[in-house]
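Subject: Structure for you to look at

Hello,

I am passing a structure on to you, with my notes on what was found in it. Please open it first and read the notes beside it.

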Amino acid sequence: MDELVSLCKRRGFVFQSGENYGGLQGVYDYGPLGVELKNNLKNAWWSSMVFERDDIEGLDAAILSKKEVFKYSGHEETFSDPLVDCKTCKSRWREDLVVDKKCPGCGSGDLTEARPFNLMFKTPVGPVESEEGFAYLRPETAQHIFTSFKNVQDSTARQIPFGIAQIGKAFRNEINPRNFIFRLREFEQMELEYFVKPGEDESALDYWCEQRLLWWKKQGIRSSSLETYDVPKDELAHYSKKTIDIMYRFPHGLEELEGIANRTDFDLGSHTKNQKDLLLSAQVTENEESTMRLAAQDLEAKTWYVPYVIEPSAGVDRGVLAVLNEAFAVENVGEGKERTVLKLKPHLSPIKAAVIPLKKNKEELVMLAKEIKQGLQSLGIGRVFLENTGNIGKAYRRHDEVGTPICITVDFDSLENQTVTIRDRDTMEQKTVGISELQQLYISALK
Ligand code: ATP
């Protein structure tokens, strides 16, 4: 983990947020390369969920949430971790971190009994602060998918089964944020809520487990780094009938990367019931169809039912950590020398290609390199970088370390013969190719 954290800082992937003021615990900033990697991972998810399928719609709902949403979802009552206080050093711990009834900080045995600590952040809304006038920062993106269910369904004329996908920030006031970007207070989730008829939920859960494992493998995660964990009944979240966690071998151990839960009709059912109360109080009669706003109609049987939902929910930050960890390698390159290389899948690489003029002060070389860069950039695959530092060896090392799949060197032959040298990140092989072939080669290398 230390090597990864150091690489992330040195090369501009991830920084501690507010570092110059001592850092805000559990909050990180993504730097110039981190933002590209993170966006690429999110785009790969969005593409596989929304673009490559015909049964899923997207949503980008608000982060601030009416408190009723998280009251009726059950989070106000149950979304808590057991908290233990150390009376000696005044530190606070999640109960599972306390071993042998000793404070993990100072070793004292003078601890309080565990008590529930709600993980939701509250924030005042409007100019007057009051007990009542607050909103929650959502602790999961899912709830607004449920409260927007009817709007999405009405506006798209979808029939069950169909899904709603969303990527966005979530906030949890974790008692002990730790392990770099693994456990954060501000993080991002990629969540799909896939609605099915009751009775079709169990096969849908199996289906989504398979799909999600396949997807992580496409992001470069080896099968041997992944495991599934059938969460025992007494550890299930309040809404879940069954949950399978996809576990990844993180540098600090085997932990959850994604959870796939059968949330049954718990959420839509609860919002339907409570929305009905609200509608009734606004004098809408109980018989009106609008009281079933979150229900779906069985067209054949002409009855209404509340759909069940299967939820694959993945952490973006845990995903970034996993793909970085998987790609990270230190290789012996002969003569007692080593190189650090990130063998990221090309679609995830922050920089797709570096174009390097052999000499930084040679105007013709730089001009041609710029032209080549613009040509590749216009293909719209991702960021192409003009590396005009004039030290080819250092440039190769830097781009190995940040996972750039190919380097293209522009030298004096380029001016005379219209050729460039392409270097492959993984094999380090170099070959001379014509500039006219370059775009095609670039497209196939990036596949
Ligand atoms: P954990 O048991 O690790 O606290 P969880 O079971 O509470 O996780 P879920 O509520 O299922 O997590 O959230 C879905 C996904 O969101 C998780 O699989 C994880 O990838 C991500 N996630 C949850 N909490 C955090 C956090 N504090 N920091 C970063 N990612 C998180």
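This is a predicted model: local features need pLDDT of at least 70, side-chain atom pairs count only at pLDDT 80 or more; totals for chains, interfaces and linings use all residues.

D85 stands opposite R92 in strand β6. Strand β5, which covers residues 80-85, is joined to β6 by 3 bridges, and the two run antiparallel. They belong to an open sheet of 3 strands, in the order β6-β5-β7, with antiparallel pairing. At its edges are β6 (92-94) and β7 (115-118), each of which pairs on one side only. From one strand to the next, the twist averages 50°.

The loop between β5 and β6 contains S91. With a relative accessible area of 18%, S91 is buried, because buried means under 20%. Leaving aside neighbours within four places in sequence, S91 is in contact with V84, D85, C86 and C103.

Strands β3 and β10 pair in the parallel sense over 4 bridges. L59 has Q166 in β10 as its bridge partner.

A165 lies in strand β10 and is buried, with a relative accessible area of 0%. Not counting residues up to four places away in sequence, A165 touches W45, W46, M49, V50, I56, E57, G58, L59, E191 and L192. One of these, L59, is the residue bridged to Q166. Y30 is 135 residues from A165 in sequence, and the two are 23 Å apart in space, C-alpha to C-alpha.

Aromatic rings

The count of aromatic pairs comes to 13. In one of them, the rings of F146 and F195 have centres 6.3 Å apart and planes at 80°, so the pair is edge-to-face. F146 lies in helix α5 (residues 142-147) and F195 in strand β11 (residues 186-196), so the pair ties together parts that are 49 residues apart in sequence. Both F146 and F195 are buried.

F195 also pairs with F162: the ring centres are 5.8 Å apart and the planes are at 45°, so this pair is tilted. F162 lies in strand β10 (residues 162-171) and F195 in β11, so parts 33 residues apart in sequence are tied together. F146, F149, F162 and F195 form one aromatic cluster.

Two charged residues lie over rings. K67 is over the face of F134, at 5.5 Å from the ring centre. R263 is over the face of Y239, at 3.6 Å from the ring centre.

Nonpolar cores

In soluble globular proteins, nonpolar side chains tend to be buried together. The largest nonpolar core in this model has 56 residues, and F13 and W216 touch the most other members. Leaving aside neighbours within four places in sequence, W216 is in contact with M190, I221, L226, I246, L257, E258, A314 and G319. Apart from this core lies another, of 18 residues, including V410, I422, I435 and Y442.

Regards

Definitions and conventions. Residues are numbered from 1 along each chain as its sequence is written. Side-chain values use heavy atoms; hydrogens and water are left out. Rings of Phe, Tyr and Trp (its six-membered ring) pair if their centres lie within 6.5 Å; planes under 30 degrees apart count as stacked, over 60 as edge-to-face and the rest as tilted. Buried means under 20% relative accessible area, exposed over 50%, partly exposed in between (1.4 Å probe, protein chains only). A charge sits over a ring if NZ of Lys or CZ of Arg is within 6 Å of the ring centre and within 35 degrees of the ring normal. Two strands pair if DSSP finds at least two bridges between them. Axes are lines fitted to C-alpha atoms, for helices over the stretch in contact, and angles run from 0 to 180 degrees between N-to-C directions. A nonpolar core is a set of buried Ala, Val, Leu, Ile, Met, Phe, Trp, Tyr and Cys residues joined through side-chain atoms within 4.5 Å. Contact means heavy atoms within 4.5 Å.
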